[in-house]
Amino acid sequence: MRFAIFLFMLSLVVVASAEDYVAINSMDGRDVLSGIFYANVKGLPVRFMPVPGGDAELFTLKTGGNHSILLIQSADVPISGFLQADLQSKNNTVELYPSSDGGATNLDLAQRSGATSFIVVDSAYSDGAISVLPYAAQTKSYVMLANKNNIAQVKAIVQGKKVMIYGLVDQEVRDSLASLNPETVGTGDDKYEDNVAIVKKTMDEFGINRVIIADGTFLEQGMVKGDLPVLLTGKLVPQPTYDFVKQEVLDGKLTGVMLLGNDLVVPIYDMRERIKAELAAQGLNKTLGITVKFGQAMPSAGTGVMGLDMFQMPAYQPKLDIGEVGYNSQSKSVMVRVDNTGDGSAYYSIEVRIKVDGNDYKVFSANGTNRIDRGEQNGVQYPIDLSGVKEGNVTALVLIKYGSSRSSLESFSSKEGPLTSISYTDNSDVAVQAARYDSTKQSVLVTIKNNANQPAYIFTRLGLTMSGAATNITGPGAESIDPGSLLVVEFPLQLSQADLAANKNVMVYLDYGARQGFLNKHGQYPVTLEEAAAAGGFPILIVAGLAVLVILVIVAVAAFFLMRKPQKK
Amino acid sequence: MKWMYLVFGVLLLGGLSFAMSNASILGSVVERGRWLGMTGGNVTTEGGNITGVNLNGSTLTDRWAAFYGNVSGNIRLTDSVGTNNVYTWAWNDSSGGSVCFSEGNFAWASAATATGAQVDTAFALGTVADNAAGTFTDAAACGLNFTNVAVVDTSAKVTHTSPSTFWTCAIKDTGAAKADFAFCTNMSTSTAGKNWNNEAANYEIMVPTTPGLGTETYYAFAQLN
């Protein structure tokens with residue numbers, strides 16, 4: 001009897017899982033990716049609600065009727081609240097899969113998919129997942145979004161199965177999976193080099209001669225089946241990507257590329273023409289086709305030509321701006337400030353063209369690339385004496401190319417306008433006064449004094465030993481100090497007793513200057529690392545809160561006695 | 001009794017402020033925010049510089065719809081200063097190309113001539129006067145060119161009625177389903193091309209629609225010379 005009940009329950013599970021279509025209705029990109037990975041492992045058609053522009057009615061029209069649909073829908077942030085009912089109204093059977101945590105859903109669908117092959121990528125950004133999506137689809141592998149926090153759960157799922165690690169992942173992920181002898185694709189040093197590696201692997205193994213080119217910031221419905229590898233680029237084609245495309249065209253292995261939307265038409269057209277010209281110079285008549293998928297329409301629904309169905313994804317994109325361009329008549333130099341306004345560090349190369357009456361007067365360019373940290377401002381100076389230019393309109397054109405790695409400059413920014421004349425001498429003078437570890441705040445606090453009578457700008461780095469290894473930590477960004485004032489720079493750090501013992505003295509490095517971004521003076525200061533008293537081990541907030549409560553009680557008691565009416569005798 | 005309310009109020013306020021000072025925002029808030037669709041990258045889902053307008057409510061007959069529009073001759077990034085210094089070549093409509101509409105991921109590398117009869121079968125257009133065989137009757141060659149794949153001749157071409165300057169050709173890849181067909185024309189410059197209403201246009205294309213089926217989705221593709 002028990003066995004019969006077991007079989008009945010099992011059959012219910014099988015029936016419940018017998019979907020023939022996967023639909024995704026979630027603002028969480030992890031739900032969207034996981035649903036696609038799941039569908040591709042199972043060999044099912046899949047469609048996601050686009051955003052912006054998600055419309056349940058159009059989605060249902062595209063999906064059609066008489067399907068058994070697994071609807072993966074965010075419990076908190078679905079794109080439409082009408083989708084399930086609309087799908088059911090078209091004679092579809094809908095199994096609702098509510099997702100309240102995109103990370104957990106990725107793990108759960110991995111198990112439900114029954115996959116025997118897995119690709120592990122980093123969970124922080126979408127580039128890795130989009131890069132491996134086609135290979136995963138071709139090999140019926142499920143893609144795990146992993147990090148150091150969930151690697152134990154990931155490992156439990158992929159244990160004993162075929163595993164690939166792609167690109168940059170947490171070291172804990174790499175260490176944890178090492179015992180499973182995973183295949184590794186990409187080193188994690190450069191996302192474009194990693195991407196080229198998986199695209200080439202996909203093309204070679206499955207005889208594919210066309211690719212989609214995208215910037216990794218979105219999914220489009222045409223990408224989800226994984227028919228074509230996705231080659232990543234930026235508004236500039238990174239060198240590893242360019243070299244790969246050129247070689248594949250030369251070898252006759254790549255005949256055409258597909259763009260989704262118009263954003264990359266200019267760089268890819270330029271790349272194609274450059275490759276064509278370079279190969280023609282070698283006497284070769286080879287090129288590649290460019291197809292731009294630019295719209296969609298449903299004639300019977302009277303929609304007109306609409307934008308494509310897309311879902312935006314969190315790819316890492318460096319962002320640099322040109323903050324200031326000027327001519328310092330004191331130092332006889334042109335000064336350019338580059339600001340890192342993105343989420344992480346970046347590398348850049350710069351070109352400055354000084355023009356008189358629109359004609360090039362002097363052109364400066366950088367040798368190699370410079371690194372700029374998040375929040376940092378770099379001032380670049382080039383010597384030029386413009387005092388001899390008596391007449392004419394002096395302008396400057398500044399162009400920076402930048403990217404996330406030294407070899408891949410995938411973006412650019414430029415600024416052109418009249419060259420402003422400024423005059424100043426850098427008399428800044430700062431010094432480090434103290435360094436203190438606050439165990440309550442788990443921070444090292446560095447106190448810096450401006451000794452001069454003009455404002456100073458500083459960028460701070462801290463050198464110390466952590467877990468036995470010499471470590472340099474970058475401060476929060478460039479900060480200003482008023483004349484004669486103190487500034488406390490905070491480095492959030494958790495130091496163990498062993499770390500504290502190893503850091504009786506630390507080194508503070510300062511880049512500073514009198515003008516924002518132009519931190520051309522440098523100093524390093526060995527200081528004793530003091531340890532703040534921790535108020536008997538209680539966090540300051542708790543102590544302060546208790547003190548406030550005591551005061552309030554006293555006030556209340558006093559109020560009681562003061563406001564109490566005299567009792568009649 | 002007022003003093004009791006006062007005491008209680010002061011204590012409640014103090015306790016509340018104490019509790020709030022210890023409240024913290026932890027967990028996966030940051031990561032989840034990053035993964036939310038609206039907070040992602042910089043893609044635009046509009047047609048952008050390549051624009052299209054539906055023709056007269058989209059339906060010509062119950063078997064044919066049409067699209068016309070402009071493929072901008074000025075497809076540029078917003079930073080024109082940088083663009084001029086970063087890129088050597090820029091496409092414009094005088095560079096030429098073709099525009100196609102297809103229902104799926106058409107295999108462009110396998111593009112070849114189609115026939116009206118094949119279109120009729122795939123789209124179930126039936127034996128009527130305005131089916132594909134009765135529409136694609138122009139015997140002249142289309143001369144479509146997809147860079148590495150030339151479709152120089154076809155037996156499925158229709159020249160649009162004047163004042164339109166366009167024609168549509170049907171092509172197919174190796175399959176026989178609806179998504180294996182594409183309907184194409186060569187681009188015209190916006191000064192030379194005229195649509196059905198004698199307005200400037202870079203393309204105008206006719207596409208078949210299966211009668212009684214309200215769920216067809218066409219995708220628009222531009223091939224850049």
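This report walks through a predicted model, from chain A as a whole to one strand of chain B.

## Ground rules

Residues are numbered from 1 along each chain as its sequence is written, and chains are lettered from A, ligands numbered from 1, in the order in which they are written. Because the model is predicted, local features need pLDDT of at least 70 and side-chain atom pairs count only at pLDDT 80 or more, while totals for chains, interfaces and linings use all residues.

## Chain A overall

Chain A has 13 helices and 32 strands. These are DSSP runs, numbered from the N terminus: helices are H or I, at least four residues, and strands are E, at least two. The C-alpha trace of chain A spans about 105 × 85 × 55 Å along its principal axes.

Of the 569 residues in chain A, 45% are buried. A residue is buried if 20 or more other C-beta atoms, placed from the backbone, lie within 10 Å of its own. Take the contacts in chain A with a separation of 6 or more: residues 24 or more positions apart account for 70% of them. Contact means C-beta atoms, placed from the backbone, within 7 Å.

## A four-strand sheet

Chain A holds an open sheet of 4 strands, in the order S2-S1-S3-S4, with parallel pairing. S2 (46-48) and S4 (93-99) of chain A are at the edges with a single partner strand each, so one side of each has no neighbour in the sheet. Neighbouring strands of this sheet are turned by 20° against each other on average, direction ignored.

Strands pair if DSSP finds at least two bridges between them. S1(A), residues 21-25, is joined to S2(A) by 3 bridges. In S2(A), A:Val46 is the bridge partner of A:Val22. Helix H2 (residues 29-42) of chain A packs on the sheet and touches S1, S2, S3 and S4 of chain A. The direction of H2 makes about 175° with that of S1(A). Such angles run from 0 to 180 degrees between N-to-C directions, with axes fitted to C-alpha atoms, for helices over the stretch in contact.

## A strand in chain B

Strand S10 (residues 203-208) of chain B has 6 of its 6 residues buried. B:Tyr203, B:Ile205 and B:Val207 point one way from S10(B). B:Glu204, B:Met206 and B:Pro208 point the other way. In a regular strand, side chains alternate between the two faces of the sheet.

S10(B) runs antiparallel to strand S2 (residues 64-71) of chain B, and 6 bridges join them. In S10(B), B:Tyr203 is the bridge partner of B:Gly69.

Notes:
A residue is buried if 20 or more other C-beta atoms lie within 10 Å of its own, exposed if 12 or fewer, and partly exposed in between; C-beta atoms are placed from the backbone. Two residues are in contact if their C-beta atoms, placed from the backbone, lie within 7 Å.
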